[in-house]
Amino acid sequence: MYSSVNTIWVLLGAALVFFMQAGFAMCEAGFTRSKNTGNILMKNLMDFCIGTPVYWLVGFGLMFGGAGALIGGFDPLVRGDYSAILPDGVPLTAFFIFQTVFCATGATIVSGAMAERTKFISYCIYSLMISLVIYPVSGHWIWGGGWLSQLGFHDFAGSTAVHMVGGIAAGVGAKILGPRIGKYDKDGKPQAILGHNLSIAALGVFILWFCWFGFNGCSTVSMEGDSTMALAGSIFCTTNMSAAVACVVTMIFTWLRYGKPDVSMTFNAALGGLVAVTAGCDMVSIFGAAVIGACTGIILPLAVEFFDKVAKIDDPVGAISVHGVCGAMGTLLTGLLAVDGGLFYGGGPSFFITQCIGVLSVAVWVLVTITIVFLVLKHTIGLRCSAEEEIEGLDIQEHGLASAYADFMPAGGLTGPVEPVAVSGGASEDEAVPVQLVAREKAGISASDVKLSKVTILCNQARFEVLKSAMNAIGVTGMTVTQVLGCGVQKGRTEYYRGVEMTMNLLPKVQVDVVVSKVPVPTVVAAAKRALFTGHIGDGKIFIYDVENVVKVRTGEEGFDALQGD
């Protein structure tokens, strides 16, 4: 006999957890640059679409198809008898889809930490391996009757089984990949690479928070009986409390540490609080959930700083800290704060030790298996895209997508490190003078003799950082940058949308205006051509104008003197 209320509850949970894919997609897209948005959306779609059939073919059987201590069984197409593990009154198909969406969540976590420089084909393959083997085996240990569940390990909805698995895989992948171009300067100091759309990232966080009520609450897989209904209500409260307190603590912590409350870090704290409480949301009190949230609020920003500044692992969205660190921490805190059996509630150390064993064993399993997968990919088809592909953006290189924002001007991609100016011998950095200027001064050319010229350069957004460095190297350190849309006589590069050729396609460009005096115009032109040339349509154009005069408003200086400083 099936239970209507239990089946509806499980299916509702499956729908909510599935919708988390949208939240992850929005978060990752918002915290990265616009030139990779289409690639990121595609990855968040395909990890679910690839994971669904492979989990049906192999993964579900490995996770639930037997009572072995280390692994389940091989049951292609899920045709075996699972009556021993099915929730009361819930059909196998409902339980299967519920577990499928959890598997997809674990796989999609990895995408964010490896964003903006991973080959799409390699992403598809390692995502497949996570859903096929890595997640199901450790999931069997915890939820399928394996050795950890027999030992008494508790992970109610997946702080370790789902989130730590994804977080550790993300960390290994980001480390093997290496940082994005421009993330670290020559001294190893991290450089901020801003996400292009904080509003979309915030929307993703709110979607995830909303869906987490299904992730945790519906993991009761039942709504029959007063005790179960009371438990579901308690889980909703603990889930919400941990996230809210984590946000408050991180806001205060970053306010004190950086002088301003950090917006993106506070949004990450919400996710970290949700991840951390997931293991023990059914066993801790609301006060215990607040403690978990408070610990998250401090540990999360410190973890992000550690991976960014010390470990030198480039994680664009903070996935390693949010899912890996907070997942492990929350699982361990369950051993301390569980009302029934927790160390702080007089339960003794045994439960906490079991939680430690579980976290450590799953971490080792994921570290070993995902490292093998990544290294095989790296030394066969390659894991990382080329430097040219990364600079231009994965949207155009991997998917032939000129922009994920048709008819809009993307605002990202105009920040990054600049190489130091070449200076003459003996000059300090504060007194740095380009070599070309020294030569002209030795020739006796005075400021009044110098002609003023304006050079306007139209180029691809992806080449702006190279151009900026080239201009800086020859002594052009002042520029005006404008984002524009346009096309030449050829009406833009021929692109296709849903197989139909697009005509009069306005492409996003960057317009760089510089006014030069002592630096020769031919030097500027030559440097720009070297920086921008790829040999393809759309490399850009350079326009040269005579400038009659320049007036500095603050001082009233004119001509060459007006160009200096300010």
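Strand β2 pairs with strand β5 (residues 507–516) in the antiparallel sense over seven bridges; two strands count as paired if DSSP finds at least two bridges between them. Strands (E, at least two residues) and helices (H or I, at least four) are DSSP runs numbered from the N terminus. This is a predicted model, in which local features need pLDDT of at least 70 and side-chain atom pairs count only at pLDDT 80 or more, while totals for chains, interfaces and linings use all residues. Residues are numbered from 1 along each chain as its sequence is written, and side-chain values use heavy atoms, with hydrogens and water left out.

**The sheet**

- The open sheet has four strands in the order β2-β5-β1-β6, with antiparallel pairing.
- Its edge strands, each pairing on one side only, are β2 (480–486) and β6 (541–546).
- Within β5, Val 510 is the bridge partner of Gln 483.
- Helix α17 (residues 521–532) lies across β1 (453–460), β5 and β6, and runs at about 5° to β1. Axes are lines fitted to C-alpha atoms, for helices over the stretch in contact (heavy atoms within 4.5 Å), and angles run from 0 to 180 degrees between N-to-C directions.

**The helix pair**

- The axes of helix α11 (residues 319–337) and helix α12 (residues 350–378) come within 7 Å and cross at roughly 165°.
- That angle makes α11 roughly antiparallel to α12; the cut-offs are under 35 degrees for roughly parallel, over 145 for roughly antiparallel, 65 to 115 for roughly perpendicular, and oblique for the rest.
- The contact includes Ala 328 and Leu 332 of α11 and Phe 351 and Val 359 of α12.
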